[in-house]
Amino acid sequence: MQSSPPVPRLSVSTLGPGRRKLLEAVIDTPRDGGTSESWAVRVRGHLLSESGPVTEIAAVFPGMVLATAATGLPTPEVATRHPGVPGAEACGFTLLVDTLGLPPRFEFRLRATLPDGSRVKVAAI
């Protein structure tokens, strides 16, 4: 008997207003409609603002921060598209979000802290 994955039917959507402050905001993983075989969700992607890489990415749920990460993973393809932007060559991130303590149906948001200290919502998962 095959059981269903701990986190079925993930929905991934990018959020509008905050994205205007970003040159690129890409969530590669998870995919919309995907699942997670564990009680955690791996989030991978890259974020870049006009003034440089995002300083922190946080997965937030009402009243709590579930996980945080910094950018710094290599992104040569982004550097090619934005040759004059500081940090474009290393604006990738990966984040492991523990969902075990969340309700069965949950939504967390990705929040980015920009180089100037302001925060923008990037995606809902």
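Modeller: Phe 108 is buried, with a relative accessible area of 0%; buried stands for under 20% relative accessible area, exposed for over 50% and partly exposed for what lies in between, with a 1.4 Å probe and protein chains only. The model is predicted, so local features need pLDDT of at least 70 and side-chain atom pairs count only at pLDDT 80 or more, while totals for chains, interfaces and linings use all residues. Residues are numbered from 1 along each chain as its sequence is written, and side-chain values use heavy atoms, without hydrogens and water.

The ring of Phe 108 has a partner. Rings of Phe, Tyr and Trp (the six-membered ring of Trp) pair if their centres lie within 6.5 Å; planes under 30 degrees apart count as stacked, over 60 as edge-to-face and the rest as tilted. One aromatic pair is counted by this rule. Phe 106 and Phe 108 form it as a stacked pair, because their ring centres are 6.2 Å apart and their planes stand at 10°.

Phe 108 also belongs to the largest nonpolar core, which has 28 residues. Such a core is a set of buried Ala, Val, Leu, Ile, Met, Phe, Trp, Tyr and Cys residues joined through side-chain atoms within 4.5 Å. Val 43, Leu 47, Leu 95, Phe 108, Leu 110 and Val 122 are the members that touch the most others. Two or more residues come from each of S2, S3, strand S5 (56-61), S6, strand S7 (92-98), S8 and S9. Strands here are DSSP runs (E) of at least two residues, numbered from the N terminus. A second, separate core of five residues includes Leu 48, Val 78, Val 85 and Cys 91.

Strand S8 (residues 109-113) contains Thr 113, which is buried at a relative accessible area of 12%. S8 is joined to strand S9 (residues 119-124) by five bridges, and the two run antiparallel; strands pair if DSSP finds at least two bridges between them. Arg 119 in S9 is the bridge partner of Thr 113. Beyond its neighbours within four places in sequence, Thr 113 is in contact (heavy atoms within 4.5 Å) with Val 54, Thr 55, Glu 56, Ser 118 and Arg 119. Both strands lie in an open sheet of five strands with antiparallel pairing and the order S1-S9-S8-S5-S6. Strand S1 (13-14) and strand S6 (64-69) are its edge strands, each pairing on one side only.

S3 is largely enclosed by the rest of the structure, because eight of its 10 residues are buried. Six bridges join S3 to S2 in the antiparallel sense, with Glu 24 standing opposite Leu 48 in S3. S3 also pairs with S7, antiparallel, over seven bridges, and Arg 42 stands opposite Leu 96 in S7. Strand S4 (residues 52-53) is joined to S3 by two bridges and runs antiparallel to it. S3 and S4 form a hairpin with two residues between them, and Pro 53 in S4 is the bridge partner of Leu 48.

Note on methods. Helix = DSSP H or I, 4+ residues; strand = E, 2+ residues; numbered from the N terminus.
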